[in-house]
Amino acid sequence: MKAVTTEIPATQGVLLAGGLARRMGGGDKPMRTIGGRTILERVIARVSPQCDGLILNANGDPSRFAAFGLLVVADDVPGFPGPLAGILAALDWTAVNRPGVEWVFSAAGDCPFLPRDLVIRLQDARQRENAELAVAASGDQSHPVIGLWRVSLRDELRHALVVEDLRRIDRWTARYPLATVTWPTQPLDPFFNANTVEDIAEAERLAALDAAG
């Protein structure tokens, strides 16, 4: 692994929890429990120390997340258009509330084993490669929902969502210089996400391997 030498600029974090969880029969995936802790609790513990502030993107009644102590920011693009809408909501919120911050880091709210060096490695790659965006990968799979976004691109993202009806993150990131940072998948894939009931059972097994979890 190449040494990281980045002086990290202030980075606002957002956890994306706006999905409909259809494959789990509805409800909030991040509220499922693994090893006695909710998935969201595990994600917050991993991401919060890496960011200069953390918000939660979710739709519906925000009070269901009150116990986690995070500000909840909803999509303002109707129709549940997917994670790009959550990223846009975070970019807009940051522009208004933290005008000195130029970068937002996003992570999926259903990934309980996220690396603890996500932000520093993404920022390092972005600076070294002079990229506009940076995303995570593991093995040969990219995870574009876990990435680094320039706040100044928010108007372009809104146009893509509202005017072009763009939904896939990788179609949007393909428009810009993009840095990709890859993590190993052993002893476990740090970007494992719990999409189904069966995944929850697998996550229980993986939690036993994740000594730092």
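1. The buried residues of helix H3 are covered by elements that include strand E1 (11-16), E6, strand E7 (133-138), strand E8 (141-150) and E9. The model under review is a predicted one, and the points below should be read with that in mind. Eight of the eleven residues of H3 are buried, so this helix is largely enclosed by the rest of the structure. The buried positions in H3 are Leu118, Val119, Arg121, Leu122, Gln123, Asp124, Ala125 and Arg126. After H3 comes asparagine 130, which has a positive phi, near 50°.

2. Arginine 121, one of the buried residues of H3, has its charged end over the ring of tryptophan 183, at 4.4 Å from the ring centre. Tryptophan 183 is itself buried, with a relative accessible area of 6%, which falls under the 20% limit for that class.

3. On aromatic pairing, the count for the model comes to four pairs. In one of them, phenylalanine 113 and phenylalanine 192 have ring centres 6.3 Å apart and planes at 40°, so the pair is classed as tilted. Because phenylalanine 113 lies in the loop between strand E6 (103-108) and helix H3 (118-128), while phenylalanine 192 lies in the loop between strand E9 (178-183) and helix H6 (197-209), the pair ties together parts that are 79 residues apart in sequence. Both partners are buried: phenylalanine 113 has a relative accessible area of 2%, and phenylalanine 192 has one of 15%.

4. Tryptophan 183 and phenylalanine 191 form an edge-to-face aromatic pair, with 5.5 Å from centre to centre and 80° between the planes.

5. Which residues of helix H2 are buried? They are Leu84, Ala85, Gly86, Ile87, Leu88, Ala89, Ala90, Leu91, Asp92, Trp93 and Thr94. With eleven of its 15 residues buried, H2 is largely enclosed by the rest of the structure. As a check on its geometry, the 15 residues of H2 should span 21 Å at 1.5 Å a residue, and the C-alpha atoms at its ends are 21 Å apart, which agrees.

6. Aspartate 92, located in helix H2 (residues 83-97), deserves a separate remark. Its relative accessibility is 15%, so aspartate 92 counts as buried. The side chains of aspartate 92 and arginine 154 are joined by a polar contact of 2.9 Å. When neighbours within four places in sequence are left aside, aspartate 92 is in contact with Asp76, Arg154 and Arg158.

7. Cysteine 111 is accordingly in no disulfide, the nearest cysteine sulfur being that of cysteine 51 at 14 Å. Both residues are buried, cysteine 51 at 10% relative accessibility and cysteine 111 with a relative accessible area of 3%.

Key:
Residues numbered from 1 in each chain as written. Predicted model: local features only at pLDDT ≥ 70, side-chain atom pairs only at ≥ 80, totals over all residues. Heavy atoms only, no water. Helix = DSSP H or I, 4+ residues; strand = E, 2+ residues; numbered from the N terminus. Buried < 20%, exposed > 50% of the residue type's maximum accessible area, 1.4 Å probe, protein only. Polar contact = N/O pair within 3.5 Å; in protein donor to acceptor, adjacent residues only side chain to side chain. Contact = heavy atoms within 4.5 Å. Expected span 1.5 Å × (residues − 1). Phe/Tyr/Trp six-rings, centres within 6.5 Å; stacked < 30°, edge-to-face > 60°. Lys NZ or Arg CZ within 6 Å of the ring centre and 35° of its normal. Disulfide = S-S within 2.5 Å.
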